[in-house]
Amino acid sequence: MAVKPILRMGHPVLRVPAAPYPVSEIDTPEFAALIQDLRDTLVDAGGIGLAAPQIGVSYQVVIVDIPAGPSRYGELSALGFSVFINPKLTPLSTEKQSYWEGCLSVPGLRGLVSRPSVVQIDYLSDESVNQRRTFTGFPATVIQHELDHLTGTLYIDHIEDRSLIAFESEYETFHSASTPPTGI
Ligand code: NI
């Protein structure tokens with residue numbers, strides 16, 4: 001298993017819809033290797049979520065691992081290491097929440113993004129079991145950001161006010177005190 005290069009904005013794979021992962025292949029060494037590669041790459045990058053297309057594998061597979069408590073992303077509510085295969089998203093709230101997002105495929109930048117504050121995700125687990133989970137608050141933003149990667153969407157596509165795109169140091173200097181800090 002290995003740390004893989006993370007594709008950066010401009011790579012075409014980040015802009016095309018990913019294929020559903022073949023259910024019959026979830027219980028294979030190849031799938032286990034993909035998950036380990038994603039996990040190794042996420043840990044190496046210090047991130048909290050990663051989608052398979054970001055390492056050049058255009059399948060609908062996402063991992064998320066949000067640590068609890070204070071971190072370089074601020075005070076977070078935890079979401080333990082989770083694998084989402086072929087996920088479907090249903091917003092459960094018309095209420096929106098805003099976080100300053102970042103992305104390992106868009107290094108050095110942050111942008112303020114509004115998303116539904118409560119979402120339901122239907123997906124297959126890494127044991128091929130159908131699951132349904134509801135997410136609120138910061139984890140809801142993280143999971144929506146990651147699922148976007150499966151449709152060829154980047155968080156910058158959602159930014160309505162382009163004055164709220166910043167380099168990380170300018171974000172820290174001018175914006176971090178006024179809104180919830182975050183990073184993905
Ligand atoms: Ni991202």
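Visitor: In β7, which residue is the bridge partner of Trp100?

Guide: The model is predicted, with local features needing pLDDT of at least 70, side-chain atom pairs counting only at pLDDT 80 or more, and totals for chains, interfaces and linings using all residues. Residues are numbered from 1 along each chain as its sequence is written, and side-chain values use heavy atoms, without hydrogens and water. Strands here are DSSP runs (E, at least two residues), numbered from the N terminus. Across to β7, Trp100 has as its bridge partner Leu112.

Visitor: How many bridges join β6 to β7?

Guide: Two strands pair if DSSP finds at least two bridges between them. Strand β7 covers residues 106–116 and runs antiparallel to β6, the two being joined by 7 bridges.

Visitor: Which protein residues are donors of the nickel ion?

Guide: Donors are N, O and S atoms within 2.8 Å of the metal (3.2 Å for Na, K and Ca); water is not among the atoms, so sites may look incomplete. In sequence the donor residues are spaced C-x41-H-x3-H. Lying 2.1 to 2.2 Å from the ion, they are Cys103 (SG), His145 (NE2) and His149 (NE2).

Visitor: Is His149 buried or exposed?

Guide: Buried means under 20% relative accessible area and exposed over 50%, with partly exposed in between (1.4 Å probe, protein chains only). Because its relative accessible area is 2%, His149 is buried.

Conventions:
Helices (H or I, at least four residues) and strands (E, at least two) are DSSP runs, numbered from the N terminus.
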